[in-house]
Amino acid sequence: MRIREWKDILEDVTERNVEPEDWRAVAGDRAGGVGEDMYLAHPAAGVFFLKTYAKNPFEVRGVGTRVARSLDDEIGSFLPQQDEGGRFAVQSPPEDADQAETVGKRLETVLETHADAPTRPQDLFDDVMEALESPAFGPMAYDQYDRPDELDGLSEQFEEADDLLNAELDDLIETDEVDRGFM
């Protein structure tokens with residue numbers, strides 16, 4: 001298992017040549033420490049595990065790894081289905097002004113279409129992500145104040161990775177001195 005910076009893991013996710021809307025995610029507070037845990041999974045791309053924390057309001061730091069090459073039924077049982085939970089997306093910025101203009105026009109068309117027709121919020125989200133050419137998006141189980149039960153289940157499935165990433169993240173937190181209170 002190769003532990004890398006969290007941004008490198010997200011770059012791996014965005015570079016996968018898979019159906020973008022088939023990604024699923026689970027995230028919430030980190031058990032026993034500062035920060036958050038997040039699993040990103042796709043049937044054809046595998047399962048990725050990230051641990052991050054906010055060093056300050058402008059900088060997120062963290063580590064991650066790929067914990068499984070494929071998504072089996074047991075692991076999939078901890079992930080939300082297509083029509084449940086919240087939504088997440090991984091975005092890449094436009095490469096240049098021409099692409100930004102093209103994407104902007106597509107986005108405008110999508111919003112005009114949805115304004116004129118009754119649609120579900122999930123449908124609007126999916127269409128916006130397609131217009132933005134998001135490389136990864138889908139349903140997400142997330143709790144900003146606690147840990148979803150699914151997150152604990154995945155942590156048990158990948159206990160060794162959880163322990164290794166915790167140690168790496170604790171080292172970052174100690175180096176950045178964000179574990180200390182203010183006096």
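Predicted model: local features only at pLDDT ≥ 70, side-chain atom pairs only at ≥ 80, totals over all residues.
Q: Which strands pair with β3, and in what sense?
A: Look for the bridges. Strand β2 (residues 24-29) is joined to β3 by six bridges, and the two run antiparallel. Strand β4 (residues 46-56) also pairs with β3 in the antiparallel sense, over seven bridges.

Q: How many residues lie between the strands of each hairpin?
A: Count between the strand ends. The hairpin of β2 and β3 has six residues between the strands. There, Gly-32 takes a positive phi near 70 degrees. The hairpin of β3 and β4 has three residues between them.

Q: Why is β3 described as largely enclosed?
A: Start with the general idea. In a regular strand, side chains alternate between the two faces of the sheet. Now count the buried residues. β3 spans residues 36-42, and five of the seven are buried, so the strand is largely enclosed by the rest of the structure.

Q: Where is Asn-166 found, and is Asn-166 buried or exposed?
A: Asn-166 is in helix α6 (residues 159-176). Buried means under 20% relative accessible area. Asn-166 has 16%, so Asn-166 is buried.

Q: Which residues is Asn-166 in contact with, leaving aside its neighbours within four places in sequence?
A: Asn-166 is in contact with Arg-30 and Lys-51.

Notes
Residues numbered from 1 in each chain as written. Heavy atoms only, no water. Helix = DSSP H or I, 4+ residues; strand = E, 2+ residues; numbered from the N terminus. Buried < 20%, exposed > 50% of the residue type's maximum accessible area, 1.4 Å probe, protein only. Contact = heavy atoms within 4.5 Å. Pairing = 2+ DSSP bridges.
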